[in-house]
Amino acid sequence: MSKEAKEGKRTMTQTLLIKNARVVVTMDDARREIADGGIFCRDGVIEAVGPTNELPTEADEVIDARDQIVIPGLVNTHHHMYQSLTRVIGPAQDAELFGWLQALYPIWAGLTPDMVRTSTLTAMAELLLSGCTTSSDHLYIYPNGVNLEHSIEAAQQIGMRFHAARGSMSVGQSQGGLPPDRVVEQEPAILKETQRLIERWHDPARHAMLRIVVAPCSPFSVSRGLMRDSALLARQYGVSLHTHLAENDNDIAYSREKFGMTPAEYAEDLGWVGPDVWHAHCVKLDEPGLQLFARSRTGVAHCPCSNMRLGSGIAPVRRMRDLGVPVGLGVDGSASNDGAHMLGETRMAMLLQRVTGAAMTARETLEIATRGGAQVLGRDDIGALAPGMSADFVSFDLNHVGLAGGQGDPLAALVFCGAPQVTHSIVNGRVVVRDGQLTTVELPRVIEQHNHFARLLAQAS
């Protein structure tokens, strides 16, 4: 692992104490909710969680969380951060998935390295301010000198725990794929670059701030050969695999026409099942597919807002959970969701299952957004607050107007009510949001630059 990949690991002891929280929601194995609680951390790792009066009284940094609820940092399992540059672009506002992509591919062909850096900072700022401390990002288009390092640099600057997914597209329209030929890559080059990124950046250790994921984009933009070779490469290096699967009816029809298989059969045939694999969406996963995912412990990134925005449908998350399929949440790209508020996504996931009559409680939905996401990403060090876990947690002010009247059950209020912005966000023991303000980047300048780049892309389309 390179020196750069080790950034965020401290060489001197640093302690952090959070105290006096109205409630600390641990999401630990006992699902403890601790009144007047606190957390004591050392060098980015939790040492103790409990009532404030049972914790150490001194630390290098002390945060008084009076009238706040503290929860584990939320885990975002699917995103396309560059898409924040093309929110609500006119031609794609009312399209379903395939039409939406066809409208946006030519615009995304104008991406530059600076655009990717800035859009990643913007997307991560939005996530951090909404309760997310760990995020995956699926970057699958590389025009004009763009590479995955441009996202990695932004993550290290802002201080987010990051699973950088090296996406790819290799089958253009001339070969029966969906993307234009000018935005696809040659498969040997894709595999070579993915291997380089793993060898340079991937950190397999517990508490790692950066991991690399092998992530061909979708059945309609890569070949079966690339899918197979990518799975072999990932397993050679012990890294995770990620792609899109069974997103809508057109996606299903494409798989049946091109491969003579359902998406789940296609995934199994190519080695894309197992606890080291997670698929985005799975809205149209059939019952045999659900059973396969449960048996193999294959993960799903549930993206409720994006699925509604594109009219894809409602993923059978209740059924997945009942069968034992690992499920996490994803905000998806900010051009198919148009927001990246992770706590808001949690609320929507709960409400959307209720539309189908398959109710989930606030606590179960928060579990999906924390422990579920950690499991999907293959991590045992995030998603819960307990000794030995990474010091990733966030707090929300219970005096926020959107939570007024919900004091009888603060956890339920946080999920059911209007989603506030975080008060504090701690990642790897570092305070990256303090009193509602990012500490690691100057957000107004980032937004100004982001809007400038968004205008350039729109004007060039």
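Tutor: Let's start with two residues: both F220 and Y254 are buried. Buried means under 20% relative accessible area, exposed over 50% and partly exposed in between, with a 1.4 Å probe and protein chains only.

Student: How should I treat the model itself?

Tutor: It is a predicted model, where local features need pLDDT of at least 70, side-chain atom pairs count only at pLDDT 80 or more, and totals for chains, interfaces and linings use all residues. Residues are numbered from 1 along each chain as its sequence is written, and side-chain values use heavy atoms, leaving out hydrogens and water.

Student: How is a pair of aromatic rings described?

Tutor: By the distance of the centres and the angle of the planes. Rings of Phe, Tyr and Trp (its six-membered ring) pair if their centres lie within 6.5 Å; planes under 30 degrees apart are stacked, over 60 edge-to-face, and the rest tilted. The whole structure has eight aromatic pairs. In one of them, the ring centres of F220 and Y254 are 6.3 Å apart and the planes meet at 80°, so this pair is edge-to-face.

Student: Where in the chain do F220 and Y254 sit?

Tutor: They link distant parts, 34 residues apart: F220 is in the loop between strand 9 (210-216) and helix 5 (224-237), and Y254 is in helix 6 (residues 249-259). Helices (H or I, at least four residues) and strands (E, at least two) are DSSP runs, numbered from the N terminus. Elsewhere, ring pairs join Y82, W100, Y105, W108 and Y140 into a cluster.

Student: Which residues of the largest nonpolar core touch the most other members?

Tutor: W100, W108 and F393, in a core of 145 residues. Such a core is a set of buried Ala, Val, Leu, Ile, Met, Phe, Trp, Tyr and Cys residues joined through side-chain atoms within 4.5 Å. Helix 2 (residues 113-129) supplies the largest share, nine residues. There is also a second, separate core of eleven residues, including A215, W278, A280 and A374.

Student: What does W100 touch, beyond residues up to four places away in sequence?

Tutor: W100 touches Q83, A92, A95, W108, R309, L310, A335 and S336, where contact means heavy atoms within 4.5 Å.
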